[in-house]
Amino acid sequence: MVVGLVTVQRQATMQTPPTHQQPSWPRPRGLLLDAMGTLIDLRDTVGSGYAAVAERHGLRIAADAIDAVFPAIYRQAPPLAFGLLDDADLLEAERNWWSERIRETFAAIGAPAAQPDLQRDLFDHFADPGQWRVYDDVEAQLNRWHETGLRLAVVSNFDRRLHGLLEGLGLSPLLDAVVVSSSAGAAKPDPRPFALALEALELGPEQVWHVGDSPEDLEGARAAGLPCLLLERRSTTNSRSAMSR
Ligand SMILES: [Mg+2]
């Protein structure tokens with residue numbers, strides 16, 4: 001049964017887009033999957049990570065203060081996407097994008113400005129797979145989908161650290177493609193990252209569904225011509241809402 005494909009999350013409630021009549025959706029040959037808040041989440045809050053790294057630099061900041069301001073800063077940030085750059089320039093652009101978020105975050109809580117070495121360490125901290133977890137139900141579900149022959153691709157508004165995270169978390173062998181906004185040249189809800197993933201899977205939009213957890217997932221999938229299933233995760237941290245878009 002087609003609907004069985006989307007009973008992904010024991011602790012999630014699927015929201016069916018109201019404008020779609022789900023039973024009429026053709027059975028997909030592939031799925032596009034959001035990452036943050038859909039497949040993976042931070043083990044602890046963004047603020048806890050910031051506070052721990054800052055402390056190593058002799059700077060005491062309150063994790064809960066960071067957590068109070070970070071979600072809005074992240075939501076209001078420009079798209080995490082850049083033009084055509086070589087690897088070194090793209091890495092610099094990615095680090096600069098996050099340095100600006102760090103600068104805004106520290107300013108918002110009235111903390112001293114984060115120095116470049118602290119900014120660099122924060123970027124590297126969240127590149128560590130040990131800071132992340134895979135939702136309990138994901139691996140088994142990806143395996144089931146993989147075994148049924150569904151082609152699977154991640155489409156995420158993130159930078160290229162995601163490749164290492166998915167590798168370190170053991171999900172890469174189950175995925176046929178990973179598209180991140182920073183190297184796609186556009187971020188969801190722009191349809192371009194979806195189009196790149198479809199191209200990588202060699203499938204058309206009528207053959208694929210998107211699974212995500214944010215308005216950007218829904219809007220972007222619609223713009224790309226895909227049905228979209230939204231998951232509603234219950235998170236023990238605020239990272240899902242903080243980092244998911
Ligand atoms: Mg998300």
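Me: What share of the contacts in the chain with a separation of 6 or more comes from residues 24 or more positions apart?
Reply: Such residues account for 69% of those contacts. Please note that the model is a predicted one.

Me: How many helices and strands are there?
Reply: The chain has 10 helices and seven strands. Of its 245 residues, 40% count as buried.

Me: In what order do the strands of the open sheet come?
Reply: The order is 5-4-1-6-7, five strands in all, with parallel pairing. Strand 5 (177–180) and strand 7 (228–230) are the edges, each pairing on one side only. From one strand to the next, the twist averages 20°.

Me: What holds the strands of a sheet to one another, in general?
Reply: Backbone hydrogen bonds pair them, in either a parallel or an antiparallel arrangement.

Me: Which strands does strand 1 pair with?
Reply: Strand 1 (residues 30–33) pairs with strand 4 (residues 151–156) in the parallel sense, over four bridges. With strand 6 (residues 208–212), strand 1 likewise pairs in the parallel sense over four bridges. Leu31 is opposite Leu152 of strand 4, while Leu33 is opposite Val211 of strand 6.

Me: And which way do the residues of strand 1 point?
Reply: Gly30 and Leu32 point one way, Leu31 and Leu33 the other, and all of them are buried. In a regular strand, side chains alternate between the two faces of the sheet.

Me: Moving along to strand 4 and strand 5, how many bridges join them?
Reply: Four bridges join these two strands, which run parallel. Val155 has Val179 of strand 5 as its bridge partner.

Me: Now the helices. Which residues of helix 8 are buried?
Reply: In helix 8 (residues 192–201), the buried residues are Pro193, Phe194, Leu196, Ala197, Leu198 and Leu201.

Me: What do they pack against?
Reply: The buried residues of helix 8 pack against strand 1, strand 4, strand 5 and strand 6, and also against helix 7 (181–184) and helix 9. Glu202 follows helix 8 and has a positive phi, near 55°.

Me: Where does helix 9 lie?
Reply: Helix 9 (residues 215–224) lies across strand 6 and strand 7, and runs at about 175° to strand 7.

Me: Why might residues three or four places apart in an α-helix point the same way?
Reply: An α-helix has 3.6 residues a turn, so residues at that spacing point the same way.

Me: How far is Asp87 from Ser183?
Reply: Their C-alpha atoms are separated by 9.3 Å, and the two residues are 96 residues apart along the chain.

Methods. Residues are numbered from 1 along each chain as its sequence is written. This is a predicted model: local features need pLDDT of at least 70, side-chain atom pairs count only at pLDDT 80 or more; totals for chains, interfaces and linings use all residues. A residue is buried if 20 or more other C-beta atoms lie within 10 Å of its own, exposed if 12 or fewer, and partly exposed in between; C-beta atoms are placed from the backbone. Two strands pair if DSSP finds at least two bridges between them. Two residues are in contact if their C-beta atoms, placed from the backbone, lie within 7 Å. Axes are lines fitted to C-alpha atoms, for helices over the stretch in contact, and angles run from 0 to 180 degrees between N-to-C directions.
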